[in-house]
Amino acid sequence: MKEKEEERLKHMLEIEDSLYAKGYKLICGVDEAGRGPLCGPVVAAAVILKPDDIIEGVNDSKKISEKKREALYDVIMEKALAVGVGISDVSVIEEVNILNATKLAMKQAIEKLSIIPEYILIDGNQMIDISIPGETVVSGDAKSESIAAASIIAKVTRDRMLIEWDKEYPEYGFAKHKGYGTKVHIEAIGKYGLTPIHRQSFCTKFVKGDK
């Protein structure tokens with residue numbers, strides 16, 4: 001099991017190692033959480049890790065448990081050279097669409113870093129408008145330690161927001177489904193209507209009277 005984990009981590013460091021070999025030192029991974037849910041913001045994180053400090057267990061946030069994500073969040077925040085978080089709330093998503101809102105959150109996350117990165121690795125296939133050199137990496141949260149770390153920061157940050165909103169709107173079950181379109185969530189929308197944190201353009205077909 002240990003050998004398998006070591007092999008996985010080695011594979012996840014290949015992109016960063018190739019960039020270190022080219023002379024880049026400050027490599028920033030960027031990822032988001034919350035593109036698909038029916039409510040809440042889209043949250044992006046940018047993380048610059050120390051080249052010689054591997055964080056054991058870092059992986060795509062969707063592949064690890066909530067408890068492990070929470071623990072890794074604290075380790076990443078402690079060990080990373082810099083962490084930035086960007087948030088596009090519901091009003092931004094409705095105004096510019098989810099793709100552009102995601103790009104804005106990613107750019108904001110990078111700009112909030114206390115250190116200017118030399119190279120950025122962005123999860124997915126959509127580059128953002130920024131002057132720093134970089135590239136996109138499809139399924140990057142499973143291929144790059146930096147992107148995986150960013151995915152954990154973004155996911156935990158957003159989940160914590162939904163847990164707080166659950167206290168304000170307990171009928172919807174936000175603490176459990178985190179805003180995704182589960183049966184329980186959709187039924188609650190049909191029964192209680194939309195809250196101010198719902199994305200109206202995502203929820204039209206679920207609102208009572210619109211079948």
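The model is predicted, with local features needing pLDDT of at least 70 and side-chain atom pairs pLDDT 80 or more, while totals for chains, interfaces and linings use all residues. Residues are numbered from 1 along each chain as its sequence is written, and side-chain values use heavy atoms, without hydrogens or water.

Q: What makes a set of residues the largest nonpolar core, and which have the most contacts inside it?
A: A nonpolar core is a set of buried Ala, Val, Leu, Ile, Met, Phe, Trp, Tyr and Cys residues joined through side-chain atoms within 4.5 Å. Buried means under 20% relative accessible area, exposed over 50%, and partly exposed in between (1.4 Å probe, protein chains only). The largest such core has 20 residues, and Val47, Val58, Ile76 and Ile152 have the most contacts inside it. β2 (42-48), α3 (66-79) and α6 (145-168) each give two or more residues to this core. Its largest share, seven residues, comes from α6. Helices (H or I, at least four residues) and strands (E, at least two) are DSSP runs numbered from the N terminus. A second, separate core has 16 residues, including Cys28, Ala82, Ala109 and Ile110. In soluble globular proteins, nonpolar side chains tend to be buried together.

Q: Which residues does Val47 touch, beyond those up to four places away in sequence?
A: Contact means heavy atoms within 4.5 Å. Among the residues Val47 touches are Ile27, Ile76, Ala80, Val83, Ala149 and Ile153.

Q: Why is Cys39 said to be in no disulfide?
A: A disulfide is a pair of cysteine sulfur atoms within 2.5 Å. The nearest cysteine sulfur to that of Cys39 belongs to Cys203, and it is 7.2 Å away. Cys203 is likewise in no disulfide, with the sulfur of Cys39 as its nearest, at 7.2 Å. By this rule the count is zero disulfides.

Q: Why is Cys39 called buried?
A: Its relative accessibility is 0%, so Cys39 counts as buried. Cys203 is also at 0%, so Cys203 counts as buried.

Q: What makes one space a cavity and another a pocket?
A: On a 1 Å grid over the protein atoms alone, a cavity is a set of points where a 1.4 Å probe fits but cannot get out; a pocket is an open set with protein on both sides within 12 Å along at least five of seven lines, and lining residues have an atom within 4 Å of a point. Grid points are joined across faces, edges and corners, and a volume is the space filled by probe spheres set on the points. The search finds one cavity of 30 Å³ or more. Residues lining the largest cavity include Leu13, Tyr20, Lys50 and Glu145. The largest pocket has a volume of about 360 Å³. Of its 21 lining residues, Asp31, Glu32, Ala33, Arg35 and Asp123 lie nearest its centre.

Q: Why is Pro133 called partly exposed?
A: Pro133 has 40% relative accessibility, so Pro133 counts as partly exposed. Pro133 lies in the loop between β4 (119-123) and β5 (134-137).

Q: What is phi of Ser139, and of Lys178?
A: Phi of Ser139 is near 55 degrees, a positive value in a residue other than glycine. Phi of Lys178 is also near 55 degrees. Most residues other than glycine have a negative phi. Ser139, at 42% relative accessibility, counts as partly exposed, whereas Lys178 is buried at 6%.
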